[in-house]
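Let's take a walk through this structure together. Have a look at the picture first, and then we'll go through it piece by piece.

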Amino acid sequence: MTTLPGALTRTLYAALRQIRHYGPQHPAAEESIRAFESAVHSALAQAPAVRWDVSADWLIVQGALLPADDRHALPLRDHLTSRGVAHLTITAQADPRALREAIRLLSREPEEVIASGGTSDALRRAGVVGIEVEGPEQTRALPAETDEYLAALSAAAALSASVERGDRLDVGRVQLVVETLDPSGGDARALWTQVVLRGHDELDPPHAVNVAFLAMQLARGLGLARPERIELGVAAFLHDIGMARLPWQDRLAERTRTVRIALPRHAVEAGLLLRRLDGRRSLPMIAAMEHHRVIVEGPSTAAPVSQLVALADYTEAMTCGRVGGLRPAGLGGLVTALLAGEGPAFPAVHVRVLAAVLTQAEV
Amino acid sequence: MSGDREAERAEVARFEAARRAVRGVASAFRTLRLYPLHHARTAEALQAARAAIDAYTAGHGSLAVTATGQGLVFDFRTEPYVDDVVGDLARALRARAAPTVQFLRGVSLAELGEFVSALHLPPVQIQRAGGLGALLGAGGVRSVLIEIIGGAPPRGADLLEPLLEAVGAGAADRITAYLRQTGGDEAAMRELFRTFDRRIVTRPRQAQLDAWKAIGQSLAGLRVPWQAAVCAMIVRSVDEPWAASLASQWPPVLAASLVSQAGGTAQAQGRRVAEVLRTFHRTAPSTPLPVVEPPSPADLQEAMAAVAAWDERRLRAQAVRRLGELLPVIGAGELAGALAQLEAAVVVMVQEGDLPGLLAAMNGLTGAAVALTDARADAVRAMVQRMLSLGAGELFERTLTRPPGPAHPFVQAMQVAPQETVRVLLELAGDDDRLQVRGRAVDLLAHLAAGRGDLLVPHALDPRWHVARNAVTVLGRIGGPEMMPVLRAAMSHPGGHVRREAMQVASQLGTSDAMEALAEVLLRPDGETQAAAAHWLGVLGRPEAAGILIAVLEGSPISEQLDLKREVIRALGRLRAPESGDALRKVASRAGGELRQEAAAALARLQEGPA
């Protein structure tokens with residue numbers, strides 16, 4: 001019994017072959033196209049789209065891998081790859097004319113396809129709707145990290161490891177690291193390119209580095225002097241240090257997107273680690289203990305430093321994720337929501353400064 | 001049928017390739033017995049062995065053999081294989097406690113040389129080196145893996161360094177082999193990936209992606225049932241950063257085969273895999289940034305002023321406040337350190353006359369004293385006493401004056417932290433030995449909390465009677481009828497002082513709600529509270545209460561509950577309700593001396609007419 005992926009593959013290959021042999025007007029070609037249309041309609045009745053994923057080594061149809069010895073899969077694979085097709089998607093929007101046009105374009109000689117700028121462009125020029133062709137993925141190199149950024153990441157990881165071992169916190173060292181994260185001009189732009197990548201988890205070292213950077217950029221936007229920015233940066237860098245005192249499994253449950261209480265366990269642990277009761281030196285303790293309070297309850301009882309750290313933390317945490325699909329929001333969407341008064345009630349002026357800072361950085 | 005024959009032929013070809021590979025190794029092992037390692041004969045034998053292993057691994061992946069008493073067993077079939085050459089190798093392996101050997105793709109001549117040389121060493125020497133695997137590892141052998149007898153195979157941390165090295169070299173075979181060495185132990189594999197992730201997470205992003213891609217591709221080399229189990233475990237752990245990275249780097253062909261394997265009982269698992277992969281391949285949200293006018297200079301000025309307003313003192317008070325939140329949730333050891341730190345801060349705050357800071361400290365301590373029930377509570381209470389003796393008490397008392405204006409410290413404290421101000425004043429008012437202090441504190445609180453009765457409501461139910469009583473007193477001074485629910489609750493407080501205070505306040509309200517609440521208390525089985533309720537019903541003065549009072553009066557023999565009956569009679573006299581006359585006359589005719597006199601006095605008041 002032929003499966004649906006098998007039928008889609010067989011009819012597509014048959015249509016391409018018949019057109020190549022006899023031309024599109026021939027009854028044999030006409031019949032094979034009708035068979036393909038029928039298979040596509042059957043598939044679209046079960047799924048929103050029909051998709052072939054192709055490489056030199058395999059052919060996947062509707063998510064199912066066709067056996068290597070399938071007598072239609074092998075030649076179709078070769079046919080499509082030689083024409084630079086890596087993904088072919090057909091949706092319900094595609095009418096019979098679009099299907100015929102796509103088959104006609106795909107049946108051309110590989111040299112002809114390449115010379116005309118690829119099947120994707122040809123489909124677009126022909127006004128075909130509902131059929132998309134993508135070429136093989138071009139691996140785009142990520143921007144190289146600056147030495148300062150990598151050093152800051154290492155420092156964040158080392159700090160976390162030392163806390164896990166039960167060592168004392170070296171806040172002086174944190175200050176040295178944070179000072180490198182408050183540059184201006186070209187150096188700031190280089191840091192922004194790292195901060196906007198978003199491909200890390202909230203529990204990874206980039207989170208501490210990015211929150212410190214964002215908080216200091218907010219402070220710069222507010223017009224605070226450098227010593228105050230550095231104090232804020234240190235507090236921001238250390239805001240989640242309490243995580244290092246928790247078992248790994250507990251850390252997973254204490255990420256910003258899941259925490260619903262004002263004083264989660266990692267904030268308590270950070271408070272104990274950073275305990276200082278003398279004025280400005282207490283800032284890291286205050287910010288670490290208050291940043292979730294600001295997010296959960298609003299900023300009314302929190303120090304301004306905590307409000308800034310909380311905004312930077314929330315922005316960072318809600319837009320990062322190892323995989324794009326796991327990120328709850330993008331920077332643009334998040335800022336739009338905050339400006340509309342959705343989500344935590346950060347001070348409006350802080351949110352507007354955040355929007356201005358991000359716009360200025362052209363992220 | 002033709003399919004079966006084809007599979008059979010493939011099985012035979014695989015066995016032949018495996019047989020040649022182990023015979024090659026066994027021959028090299030034998031040759032080394034006769035010639036030194038660098039002799040041309042040995043080199044020739046090693047070369048032949050390597051070629052045979054390469055031929056096998058190119059078509060079938062790594063080759064694993066287990067030495068048994070019956071010969072060597074390959075990992076793809078159960079029947080042992082033995083001949084005179086191979087038998088020698090099998091005995092040597094068993095004698096050196098290394099029954100299972102795995103040859104990976106790309107094994108070098110040097111590695112094979114090290115392996116066969118090691119098999120000629122005395123077992124004791126191998127044992128001293130920590131086993132054949134450790135010996136080979138120390139010699140830089142990475143492509144011949146040994147599974148030891150006795151003791152667990154290397155897991156988790158032991159595999160980390162070899163795995164890092166293999167990933168760095170992009171050696172998919174070796175990565176696969178190391179993953180297999182976890183023995184399918186889910187926890188061990190999870191820990192291995194987690195640790196691995198932590199080691200590479202500070203590397204450049206591209207290097208991290210490459211590493212996960214290498215591992216993702218190596219999963220394709222696992223055998224099918226085990227592969228599905230490992231991938232399912234990864235999908236189950238998808239909340240973990242490493243799992244997201246790894247699953248997102250699966251080659252599409254692996255993803256497709258995982259999904260298509262789903263059938264029968266594995267269907268749900270397949271659906272889950274597909275669902276997770278679909279999530280991964282969703283594009284990241286990418287709304288453009290909104291166009292927003294930057295804040296005006298005036299707004300920025302205001303925001304900066306808000307930051308500047310938090311000076312050293314205010315930040316210290318805030319830190320003290322936060323420390324107060326920690327006190328109830330930390331262990332005894334840390335509590336001692338925190339209290340010592342707080343004491344030092346209190347000394348400075350007393351010297352500086354920093355009332356908000358001291359209030360924050362007092363608030364934190366008293367909150368912890370209530371929340372804690374073990375020895376830590378004693379330590380906190382002792383700290384409260386020390387704090388008051390350090391001069392904080394004098395500072396508080398000096399300021400317990402009715403505020404002349406907004407500069408009064410408690411007025412300012414009320415603006416910054418109203419809840420803790422109320423709480424501390426209630427604590428101070430609780431010192432029953434010094435009525436003057438209580439009176440001043442209650443006066444001050446009534447003034448400060450006017451219109452903010454909500455701040456006192458939670459304290460009216462405090463388990464400590466003096467705090468609850470004072471809260472009720474202040475509520476009585478500032479509150480209106482909307483306070484009735486909390487007064488009703490306070491009438492059930494375990495402390496008699498609180499119940500009586502609540503009844504008194506209710507009687508001052510004079511509403512029908514208050515009357516009903518007092519009437520409910522009148523029906524409780526506690527004689528003393530009932531008597532108080534009767535008294536305050538009389539003071540409240542609503543004639544509708546006469547009915548319930550008469551019911552209580554007549555509900556039991558006249559000679560019982562004399563104290564309660566006396567209060568009821570007095571209340572009936574005060575209420576001057578017309579229906580009270582008969583009830584009082586009955587008492588006057590039947591009761592003993594004291595009650596008869598009370599009834600007569602009440603009747604006399606009744607006859608005076610309405611009040």
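Start with chain B, which has 31 helices and 4 strands. Keep in mind that what you're looking at is a predicted model. Of the 611 residues in chain B, 42% are buried. Now think about which parts of the chain touch each other: among contacts in chain B with a separation of 6 or more, 66% are between residues 24 or more positions apart.

Next, peek inside. The largest nonpolar core has 171 residues. Ala212(A), Ala215(A), Leu218(A), Leu518(B), Leu537(B) and Leu549(B) have the most contacts inside this core. Which helix gives the most to it? That's α10 of chain A, covering residues 205-222, which puts in 11 residues.

Leaving out residues up to four places away in sequence, Leu537(B) touches Met515(B), Leu518(B), Ala519(B), Leu522(B), Ala545(B), Leu549(B) and Ala571(B). There's also a second, separate core, this one with 117 residues, including Leu99(A), Leu63(B), Ile126(B) and Ala171(B).

Finally, let's see where the two chains meet. Chain A brings 63 residues to the contact, and chain B brings 58 residues. On the chain A side, several elements each supply at least two residues, among them β3 (64-65), α7 (147-165), α10 and α14 (283-297). The largest share of that side comes from α17(A), with 7 residues. And what is the side of chain A that touches chain B made of? Its residues split into 37 nonpolar, 14 polar and 12 charged.

Methods: Residues are numbered from 1 along each chain as its sequence is written. Chains are lettered from A and ligands numbered from 1 in the order in which they are written. This is a predicted model: local features need pLDDT of at least 70, side-chain atom pairs count only at pLDDT 80 or more; totals for chains, interfaces and linings use all residues. A nonpolar core is a set of buried Ala, Val, Leu, Ile, Met, Phe, Trp, Tyr and Cys residues joined through C-beta atoms within 7 Å. A residue is buried if 20 or more other C-beta atoms lie within 10 Å of its own, exposed if 12 or fewer, and partly exposed in between; C-beta atoms are placed from the backbone. Two residues are in contact if their C-beta atoms, placed from the backbone, lie within 7 Å. Ala, Val, Leu, Ile, Met, Phe, Trp, Tyr, Cys and Pro count as nonpolar, Asp, Glu, Lys and Arg as charged, and the others, Gly among them, as polar.
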